[in-house]
Amino acid sequence: MDKKLKAVILDGYTENPGDISWSCIEQLVDLTVYPRTSPDKIIERGKDADILIVNKVAITRELLEHLPNLKFVATLATGYNQLDCQALKEKCIPVSNIPAYSTNAVAQMVFAYILELINKVSEYTADVKSGTWCKCEDFCYWNSPLYELDGKTLGIIGFGKIGARVSRIAAAFGMRVLCYTPSGKKDGFPDVEFTDMDTVISNSDFISVHCPLTPDTAGLINKDFICRMKKASYIINTARGPVANEKDVAEALKNGTLAGYGTDVLSTEPPEEDNPLLSAPNCLITPHIAWAAYETRVRLMGILEQNIKAYLNGAPINVVNN
Ligand code: NAI
């Protein structure tokens with residue numbers, strides 16, 4: 001039997017902190033897994049590898065000079081902007097990514113934010129546990145208006161896999177759905193009104209951002225954007241931190257122009273302690289976990305297995321640097 005190729009996972013911890021198994025990958029290759037790898041350790045750990053498997057570790061043109069055996073790179077994520085794909089292509093090293101594994105989980109998180117922002121379940125629970133209800137004269141109390149989603153308008157920016165899934169959940173809540181996406185109207189979504197960006201911005205009670213981070217979308221959510229929104233509406237960002245100008249968002253939350261911001265992503269991750277959103281009111285922040293449901297990570301492992309199998313069979317799939 002042929003000797004197995006050597007594969008090294010440089011930063012496997014977030015995909016698999018220990019609750020799933022690497023065994024399907026171990027059956028294919030001679031595997032070494034590192035939970036994390038700092039930039040100064042990449043060469044030492046990767047120099048003998050035929051296959052590198054990475055999540056956020058950057059592979060630069062310079063590093064490639066020190067990775068003589070490298071034949072294939074597999075990512076543990078959809079995004080691959082940390083890889084010098086051009087330099088890898090010049091060396092005929094294909095890069096395979098993991099497309100569309102977290103759509104359900106990210107769409108679910110969007111509604112976790114929306115429901116928390118308007119139903120305030122955890123805020124009221126904390127209030128009740130601190131004794132407020134015990135001292136109440138009436139059988140119930142609320143200290144800010146409560147709203148139904150039915151009839152409210154959700155604006156979606158970017159109608160790919162996640163945006164489409166979000167639209168279906170919104171429709172189930174009885175929401176009106178407006179959408180701006182450069183690719184235009186998509187068939188099969190009779191509940192979605194495809195329109196221009198201005199209409200989405202000025203008519204939505206909630207805006208959920210599902211576009212990639214590109215030079216066009218960096219800083220998209222800024223003071224000007226927020227000022228064009230309906231007063232006291234909400235923004236949800238599960239896309240990428242730099243899509244929002246965090247200083248402008250924090251300011252709008254402080255002065256009440258924006259009623260709430262729910263974000264899974266920040267401009268720097270982990271954030272600096274002085275990130276203005278950390279102290280902004282009505283700002284919900286989760287630590288980039290929208291993708292991280294157990295089922296999602298199991299699905300990711302399955303796609304990684306398929307990507308490696310396809311490479312070993314001489315016909316790599318999900319290649320992003322053709
Ligand atoms: P996708 O590639 O299926 O859809 C992206 C959509 O954005 C496409 O319809 C595209 O036409 C549109 N778009 C491109 N440029 C645009 C622009 N300038 N303005 C408005 N729309 C634009 O991607 P998918 O799977 O729906 O993911 C969306 C984003 O969600 C990803 O780019 C990623 O940044 C983020 N994401 C975040 C995760 C998390 O854990 N928080 C997990 C997975 C994805």
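Into which domains is the protein divided? I found domain 1 (6–101 + 294–312) and domain 2 (103–285), with bounds that come from an automatic or database domain assignment.

**Conventions.** I worked on a predicted model, in which local features need pLDDT of at least 70, side-chain atom pairs count only at pLDDT 80 or more, and totals for chains, interfaces and linings use all residues. Residues are numbered from 1 along each chain as its sequence is written, and side-chain values use heavy atoms, with hydrogens and water left out.

I looked up the C-alpha centres of domain 1 and domain 2, which lie 33 Å apart. The contact (heavy atoms within 4.5 Å) takes four residues from domain 1 and four residues from domain 2. I then looked up the buried area, defined as the accessible area (1.4 Å probe) that two parts lose on being put together, summed over both. Domain 1 and domain 2 bury about 280 Å² between them, with 48% of it on carbon and sulfur atoms. In domain 1, the residues that lose the most area to domain 2 are Ala100, Thr296 and Arg299, together 72% of what that side buries.

I searched this interface for salt bridges (a side-chain nitrogen of Lys or Arg within 4 Å of a carboxyl oxygen of Asp or Glu), and the rule finds zero.

**Ala100.** I noted that Ala100 has a positive phi of about 50° although it is not a glycine. Most residues other than glycine have a negative phi, and most peptide bonds are trans. Ala100 lies in the loop between S5 and H5; helices (H or I, at least four residues) and strands (E, at least two) are DSSP runs, numbered from the N terminus.

**Cis peptide bond.** I recorded the peptide bond from Glu269 to Pro270 as cis, with omega near -5°. Pro270 lies in the loop between strand S11 (258–263) and strand S12 (283–285).

**Salt bridges in the whole structure.** My search of the whole structure finds ten salt bridges. In one of them, the side chains of Lys91 and Glu65 meet at 3.7 Å, N to O. Lys91 lies in the loop between helix H4 (85–90) and strand S5 (95–96), and Glu65 in the loop between helix H3 (61–64) and strand S4 (72–75), 26 residues apart.

**Aromatic pairs.** I found six aromatic pairs in the structure; rings of Phe, Tyr and Trp (its six-membered ring) pair if their centres lie within 6.5 Å, and planes under 30 degrees apart count as stacked, over 60 as edge-to-face and the rest as tilted. Phe111 and Phe173 form a stacked pair, 5.6 Å centre to centre with 15° between the planes. This pair links distant parts of the chain, with Phe111 in helix H5 (residues 103–119) and Phe173 in the loop between helix H7 (161–172) and strand S7 (176–180), 62 residues apart.
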